[in-house]
Amino acid sequence: REREIEKSVTDLSRSPIRSHLFSSFFLSSLFQPPTNQQTIPCSFLYDGPGSTLYDAITDLEAYYPYDAELKLLESQAAAIADAIPQNAVLVELGCGSATKTPRLLSAVAASRKKEGKGKVRYAGIDVSADFLENARANVTASGDVDDSNVETFCNRYLEGAAAARAAHEGEDLCFLWLGSSVGNLDSGSAAAFVRELFEAASSAKIEGEAASASAAAKSENGGEENGQGSKRGKTQLLLCTDLWKDEQRLRDAYDDDRGVTAAFMRNGLRHALACVEVFDENEKKSDGNGKTSTSSTTTALRVAAAAGAAPADWRYEVVVNPAEQQVEMYLVCPAAFELRIPGKEKKEEAKDDDGEKTETEETPASVVLRFEKGERILMEVSRKYTLERIEALAASSGVRLAGRWVTADYGIQLLE
């Protein structure tokens, strides 16, 4: 599951300009065409309490994806390692604390030792500096990766990919995208992301002696010309995907009888509403001419709670959608309420009796959102893959499927 914009969401929600920028982000994400389905971005799910709840979800017996991926990585680690170029730098997207990654790194270390090649080099990309420090500790704990061969990039995915390429011009990179995070994207967005990732990882111009040295050092690895007369390292993506399966098993995984997943979703709603600033309808001021306007703001969370729609009261609902081969997670509104979200400042110019402009007044415009009792908000989608859908993703992305390791539950693909 994605954390890519968690830090930017959290930082912006604490910013003094949140009344405009953060609410704009919330509004742009809330309504999704063509159905106009109200949707809250899944990035809101991963604040501190949300991350704790997600860890609890992965421990649930019914929640199979975490263990399915881990077992597949462990059983196929040697074969996967052999498919990665011997001198490639392994770059993990959204690495978090990198708890699963050491299994693969150990296999890569064994493969390179067998071939007499270089040491394992690892780079983690995440928006959280704390996660990156945890990742460094985890990947070096076994001794398969030296601390001097670990890099961290505190970036979002694509910016981090570009930074990793800039740090390793002419070298092979193998990106690791674990956790089936691709399932949060629709098919078009997933293909676009993979294309953009490979583009971000394409080598920039290398000049002078550095270009000659880098190209010569890496030519044995099958690098390609980058159009500037130097070698471009190979780019690979190890993509992990959850597979479509029995509908009841999917429902059990995402609607556990202990209510942990429901609590996770309600916390995400709480986080979103707490971050959005709205006008406080209970506070009015008079302009002296008999007109009143809202004078203060509060949070959407307080407005919802006052109307009987506190996040704890929203009903959790799971829909397994066989037509789209995805699991949809909703919260159902318990009571109607309305939010007036401040927008951009609107300038109103006054004129005196001679028609001359006088003072300029600025009045906050607003957007009104109404939530009806029984209305559903989509909190998260988890799309599942078939082998045919994975092949279509590769074709749409302009890359080829170079390797595949699958079980009945899960798939790991190597794209290049």
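1. Basis. The model is predicted, so local features need pLDDT of at least 70 and side-chain atom pairs count only at pLDDT 80 or more, while totals for chains, interfaces and linings use all residues. Residues are numbered from 1 along each chain as its sequence is written, and side-chain values use heavy atoms, with hydrogens and water left out.

2. Whole chain. The protein chain has 13 helices and 20 strands; helices (H or I, at least four residues) and strands (E, at least two) are DSSP runs, numbered from the N terminus. Of its 416 residues, 50% are buried (under 20% relative accessible area, with a 1.4 Å probe and protein chains only).

3. Surface and contacts. Among contacts (heavy atoms within 4.5 Å) between residues at least 6 apart in sequence, 72% join residues at least 24 apart.

4. Helices α4 and α5. The axes of α4 (residues 65–83) and α5 (residues 101–115) come within 8 Å and cross at roughly 25°. Axes are lines fitted to C-alpha atoms, for helices over the stretch in contact, and angles run from 0 to 180 degrees between N-to-C directions. The angle makes α4 roughly parallel to α5 (under 35 degrees; over 145 is roughly antiparallel, 65 to 115 roughly perpendicular, and the rest oblique). Contact residues include L70, E74 and A77 of α4 and R103, L104 and A107 of α5. The contact residues divide into eight nonpolar, one polar and four charged (Ala, Val, Leu, Ile, Met, Phe, Trp, Tyr, Cys and Pro are nonpolar; Asp, Glu, Lys and Arg charged; the others, Gly among them, polar).

5. Helices α3 and α11. Helix α3 (residues 48–58) packs against α11 (residues 260–275) at about 165°, with the axes 9 Å apart. That angle makes α3 roughly antiparallel to α11, and their crossing is left-handed. Among the residues in contact are P49, L53 and Y54 of α3 and F264, N267 and R270 of α11. This contact has eight nonpolar residues, three polar and one charged.

6. Residue S51. S51 lies in helix α3. Is S51 buried or exposed? S51 is buried, because its relative accessible area is 17%. Leaving out residues up to four places away in sequence, S51 touches L45 and Y46.

Terms used
Left-handed = near helix turned anticlockwise from the far one by under 90°.
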